[in-house]
Amino acid sequence: MEEKKEIRHAVLKRREQMPAEDWRRFSDRICKSVMELEPYKQADCLLLYVNFGREVDMAPLFRDAWRKGKSTAAPKVLGDGRMEFYEIRDFRELKPGFQGILEPVEGTAVLTENEASADNAASAENAALTGNTAYPVENVFMIMPGVAFDPYGSRIGYGKGFYDRYLALHSGLLTAAVGFECQIVPQIPAGPYDKKPDWLITEARSIHCGSSFM
């Protein structure tokens with residue numbers, strides 16, 4: 001655990017020191033690489049995070065998806081500590097939420113097939129959002145953030161475990177993690193509950209980490 005904290009601290013410092021010009025240029029390059037992935041092309045619904053600080057900018061992917069008629073959803077942290085994704089059609093549907101990160105104000109919950117059994121555990125906050133729509137996991141593609149990565153797909157997030165828990169409930173969901181080369185370290189100690197992405201995309205390379213989808 002202490003080793004992960006040290007890696008997180010060192011990598012966050014490197015990332016936040018990235019010049020704005022490099023951040024924009026590298027983000028555009030990463031998003032173009034994501035657009036070339038077959039799961040992205042085939043997806044009906046994209047689960048995209050809303051970047052905070054010097055995270056890879058997701059705006060190009062949101063805009064590209066909207067142009068192509070794909071649904072997009074962004075994460076929202078609920079009162080019981082769960083993370084759910086809600087459909088958005090415009091950046092104006094976001095407002096500051098958990099730790100000041102932009103989140104959906106209201107909308108349609110994106111529920112994949114493996115989540116139906118958890119409906120009865122939905123919080124009052126979740127129920128207040130309007131409507132439900134289910135997408136089979138094979139029609140959904142997730143782009144996930146992270147603080148640090150190694151070339152084998154191991155990932156360190158911000159320490160809350162939101163993505164690991166979400167992916168544990170949605171087996172079969174294809175994922176790509178995005179980050180900058182300055183976030184790659186030689187090796188990350190992986191725990192039994194850590195979920196590796198299927199792809200790792202940086203401004204310099206695309207690494208296929210785990211799924212059989214080619």
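A residue counts as buried when its relative accessible area is under 20%, and in this predicted model Phe85, with a relative accessible area of 1%, is therefore buried.

**Close-up 1. Phe85 and Tyr163 form an edge-to-face aromatic pair.** The ring centres of Phe85 and Tyr163 are 6.4 Å apart, with 70° between the planes. Because Phe85 lies in strand β3 and Tyr163 in helix α6 (residues 162-169), the pair ties together parts that are 78 residues apart in sequence. Tyr163 is buried as well, with a relative accessible area of 9%.

**Close-up 2. Phe85 also pairs with Tyr166.** Here the centres lie 5.1 Å apart and the planes stand at 65°, so the pair of Phe85 and Tyr166 is edge-to-face. Since Phe85 belongs to strand β3 and Tyr166 to helix α6, this pair connects parts 81 residues apart in sequence. Tyr166, at 3% relative accessibility, counts as buried.

**Close-up 3. Helix α4 (residues 59-67) and its buried residues.** Ala59, Pro60, Leu61, Phe62, Asp64 and Ala65 are buried in this helix, and the buried residues of α4 pack against several elements, among them α2 (20-35), β2 (71-77) and β3 (83-88). Following α4 comes Gly69, whose phi is positive, near 80°.

**Close-up 4. Ring pairs link Phe62, Trp66 and Phe91 into a cluster.** In the model as a whole, the count of aromatic pairs comes to 8.

**Close-up 5. The charged end of Lys70 sits over the ring of Tyr40.** The distance from the charged end of Lys70 to the centre of the Tyr40 ring is 5.7 Å.

Note on methods:
Residues are numbered from 1 along each chain as its sequence is written. This is a predicted model: local features need pLDDT of at least 70, side-chain atom pairs count only at pLDDT 80 or more; totals for chains, interfaces and linings use all residues. Side-chain values use heavy atoms; hydrogens and water are left out. Buried means under 20% relative accessible area, exposed over 50%, partly exposed in between (1.4 Å probe, protein chains only). Helices (H or I, at least four residues) and strands (E, at least two) are DSSP runs, numbered from the N terminus. Contact means heavy atoms within 4.5 Å. Rings of Phe, Tyr and Trp (its six-membered ring) pair if their centres lie within 6.5 Å; planes under 30 degrees apart count as stacked, over 60 as edge-to-face and the rest as tilted. A charge sits over a ring if NZ of Lys or CZ of Arg is within 6 Å of the ring centre and within 35 degrees of the ring normal.
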